[in-house]
Amino acid sequence: VNSIYESVDALEGLFSELLDITRIDSGGVEVHPQHFAIKDLYRKLRLHFEPLAFEKGLALRFRGSQHVALADALLVERIMRNLVSNAIRYTIDGSVLVSCRRRGDRLMLQVWDTGTGIAPADQQRVFDEFVQLGNPQRDAAQGVGLGLPTTRRLADLLGHGLQLQSQPGRGSCFTLMMDSSTLPSEPAAAAPPEAPADALHGRV
């Protein structure tokens, strides 16, 4: 029964990811840039992934929460969820770091891990559909090989691109570039009208 449930879950995940790629390629995903605080993104990632990292004995750390970006917050969150999930999955010992830092008028949103790393010859292949370097048995519990292809498509859709740096045995770093911004200031509240000097005359 457990095997049946796992197979059904794997098929549902496959159909969902295939649908996502089809929607992206057909122009069915719209981009809605907005100002958003990186700390809000970190809060969601921490809530979702800290228990998974703790279960594997990994440290999940965040840096640069003070920045503000101009991008589609929902698509950026989807990209980061995929990257952090992969980082935790392929890191046996050590840590995963999510960082944001300024580079000129842009922001570098990065996911670092101390995992197995990716050989130079394979660093483009990991963005191809159904490629799973560490899963020769095609274990469905480790995904179906559509996470990074979907992530790159979303990054390209945002117009920011996704970069990969990796060394076998030392870990990997994925970088998403975004426009830096500031949160729009709240309009100042109108001051209440001043009461005439004799407004209380004869009332006290």
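## A buried aromatic pair

Tyr42 and Phe62 are both buried in this model, which is a predicted one. Their rings form an aromatic pair, and the count of such pairs comes to one. The ring centres of Tyr42 and Phe62 are 5.0 Å apart and the ring planes stand at 50°, so the pair is described as tilted; the reasoning rests on the cut-offs, by which planes under 30 degrees apart would count as stacked and planes over 60 as edge-to-face.

The two partners belong to separate elements, since Tyr42 lies in helix H2, which covers residues 38-56, while Phe62 lies in strand E2, which covers residues 59-63, and the pair therefore ties together parts that are 20 residues apart in sequence.

## The overall pattern

The secondary structure of the protein consists of four helices and seven strands, and when it is read along the sequence these elements follow the pattern α-β-α-β-β-α-β-β-α-β-β.

The protein has 204 residues, of which 39% count as buried.

## Helix H2 against helix H3

Two packed helices are described by the angle between their axes and the distance between the axes. For H2 and H3, the axes come within 11 Å of one another and cross at roughly 15°, which means that H2 is roughly parallel to H3. The crossing of these two helices, H2 and H3, is right-handed.

On the side of H2, the residues that meet H3 are Leu41, Lys44, Leu45, His48, Phe49, Leu52, Ala53 and Lys56, and their counterparts in H3 are Val76, Glu77, Met80, Arg81, Val84, Ser85, Ile88 and Arg89.

## Helix H3 against helix H4

Helix H3, residues 73-89, also packs with helix H4, residues 147-158, and here the axes come within 10 Å and cross at roughly 150°. Because of that angle, H3 is roughly antiparallel to H4, and the crossing of H3 and H4 is left-handed.

From H3, the contact draws on Leu75, Val76, Arg78, Ile79, Asn82, Leu83 and Asn86, and from H4 it draws on Gly147, Leu148, Thr150, Thr151, Leu154, Ala155, Leu157 and Leu158. The residues of the contact of H3 with H4 divide into nine nonpolar, five polar and one charged.

His32 is placed in the loop between helix H1, residues 2-25, and strand E1, residues 34-37. With a relative accessibility of 47%, His32 counts as partly exposed, and, if its neighbours within four places in sequence are left aside, His32 is in contact with Ala71 and Asp72. Although His32 and Leu158 are 126 residues apart in sequence, they are 9.3 Å apart in space, taken from C-alpha to C-alpha; Leu158 is one of the H4 residues that take part in the contact with H3.

Arg125 lies in the loop between strand E5, residues 106-113, and H4. At 38% relative accessibility, Arg125 counts as partly exposed. Arg125 and Leu148 are 23 residues apart in sequence and 10.0 Å apart in space from C-alpha to C-alpha, and Leu148 is likewise among the residues through which H4 makes its contact with H3.

Key
Residues are numbered from 1 along each chain as its sequence is written. This is a predicted model: local features need pLDDT of at least 70, side-chain atom pairs count only at pLDDT 80 or more; totals for chains, interfaces and linings use all residues. Side-chain values use heavy atoms; hydrogens and water are left out. Rings of Phe, Tyr and Trp (its six-membered ring) pair if their centres lie within 6.5 Å; planes under 30 degrees apart count as stacked, over 60 as edge-to-face and the rest as tilted. Buried means under 20% relative accessible area, exposed over 50%, partly exposed in between (1.4 Å probe, protein chains only). Axes are lines fitted to C-alpha atoms, for helices over the stretch in contact, and angles run from 0 to 180 degrees between N-to-C directions. Angles under 35 degrees count as roughly parallel, over 145 as roughly antiparallel, 65 to 115 as roughly perpendicular and the rest as oblique. A crossing is left-handed if the near helix is turned anticlockwise from the far one by less than a right angle, and right-handed if clockwise. Contact means heavy atoms within 4.5 Å. Ala, Val, Leu, Ile, Met, Phe, Trp, Tyr, Cys and Pro count as nonpolar, Asp, Glu, Lys and Arg as charged, and the others, Gly among them, as polar.
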